[in-house]
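Have the structure open as you read.

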Amino acid sequence: MYKVGFVGLGIMGLPMAKNILKAGYEITVYDNNDYKIKKMVDVGAKGARSSMEVAKNSDVIITMLPNSPHVEAAIFGENGLAEGLSRGKAVIDMSSISPVASKEFYSKLKEKGVDFLDAPVSGGEPGAIEGTIAVMVGGDKPVFDKYYDLLMTMAASVTYVGEAGSGNIAKLANQMIVAANISAMSEAYVFAKKAGADPKVVFEAIRGGLAGSRVMEQKSPKIFDKDYEPGFRIELHIKDLQNALDTAHNDNISIPIAASAMEILQACKVDGQEKKDHSAIVKFFEKINNIEV
Ligand code: NAD
C-alpha cells in the first residue's frame, strides 16, 4: 500500500482524507490552518509542518486547494511539495483549477521524474463525506491505472478523460451546467411564486419529470429553508466560471450561458453573498422581482 500525503483539509479535503484513512492507508497531512491538521491527527493521521514534509513522508500526494495559485504555492512555493519530491513519486491534484495550469504543473513535475494527474471532483460536501464523489482524471493512462484504487476509496466513480488538463476541462463543463441549472431553477421558483403557485408544490410536481435533476434535489430544500451555509461557496463558483471563460476565449469558443451565469454570481458577490452556498443565487432573482420564494 502506498504511503499517502494530503494537502488541503477544507470542506472537501478533510472528509476525503478521512475516507483514505478508513480504507487502511497510512496518511500524512498538512493545511495552512493548524486546527484542521489536528482534526486529522485526532483520527489517526500523521501531521506535518509543511508540504515539503508531506512529500518526504509519502509516495503519492493529493492536493485539495481552492485555485491554481494555491496549488502552485503548495507544490513549487517555499517548503512546498517539490522540495520533498523525488523520482517515481506522484502528485494528484483534486482541486478544480485551470486546465492550462494543470498542463504546466504536469510538465514541470515530469522534468523531475514525478507523475502528475489532474483529478477534480464533483458531488459536493455530502459526496465527500459519504465517499461517493465523481472523479474526472487527466494525465498519463498508466499513472491513472496505478492510482485508481486509491482514488476509489473516496469515490463512486473515477473516470479517465484524457491527457493532462482534461480532468479540469470536464470539471469546468460540469460547473457551467450546475451554474446554469441553479440559475434557471431559481428564476423558475421566483416566477412560480409571483405568478401565483407555491414553489414547494411546483418542486413536488416537476421533480420526477424532465426538469428534475440532482441540482434540483440537493438545492431546492436549501432554497426553501433559506439555508445558505456552504456547501459550495459562490466565490468558488465564480473562480470556476472565470477559468471556463478564460479557457473558452483562449481556445476561440463562445459560452454565452456560462457568461450570463457568471454575471448573476458576480451580482451575488456585489451583494455580499460570496461566502454563501451557490443556492443563494436565488436571492438575485428574489431581489430583481421584489418577492421571496
Ligand atoms: P476550502 O476553502 O474549504 O478548503 C481549502 C483548504 O486549503 C483550506 O483548509 C485552506 O486552509 C487550505 N489551503 C489553502 N492554501 C494552502 C496551501 N498553500 N497549503 C496548505 N493548505 C492550504 O475549499 P473546498 O470547498 O474544500 O474546495 C477545494 C477545491 O475543491 C476547490 O477547488 C473547489 O472548487 C473544489 N470543489 C469544492 C466542492 C464543494 O462543494 N465545496 C465540490 C467540488 C469541488
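F284 counts as partly exposed because its relative accessibility is 22%, while F285, at 5%, counts as buried; buried means under 20% relative accessible area, exposed over 50% and partly exposed in between, with a 1.4 Å probe and protein chains only. This is a predicted model, where local features need pLDDT of at least 70, side-chain atom pairs count only at pLDDT 80 or more, and totals for chains, interfaces and linings use all residues. Residues are numbered from 1 along each chain as its sequence is written, and side-chain values use heavy atoms, leaving out hydrogens and water.

Searching the whole structure gives 8 aromatic pairs. Rings of Phe, Tyr and Trp (its six-membered ring) pair if their centres lie within 6.5 Å; planes under 30 degrees apart count as stacked, over 60 as edge-to-face and the rest as tilted. Two of the pairs are tabulated here.

| Pair | Centre distance | Plane angle | Class |
|---|---|---|---|
| F144 and Y148 | 5.8 Å | 65° | edge-to-face |
| F284 and F285 | 5.0 Å | 90° | edge-to-face |

Helix α7 (residues 141–152) holds both F144 and Y148, 4 residues apart, about one turn of the helix; helices are DSSP runs (H or I, at least four residues), numbered from the N terminus. F144 is buried at 6% relative accessibility, whereas Y148 is partly exposed at 31%.

Elsewhere, one aromatic cluster is formed by F76, F105 and F116. The charged end of K108 sits over the F76 ring, 4.2 Å from its centre; this term requires NZ of Lys or CZ of Arg within 6 Å of the ring centre and within 35 degrees of the ring normal. Likewise, the charged end of K141 sits over the ring of Y160, 5.9 Å from its centre.

Note on methods:
Helices (H or I, at least four residues) and strands (E, at least two) are DSSP runs, numbered from the N terminus.
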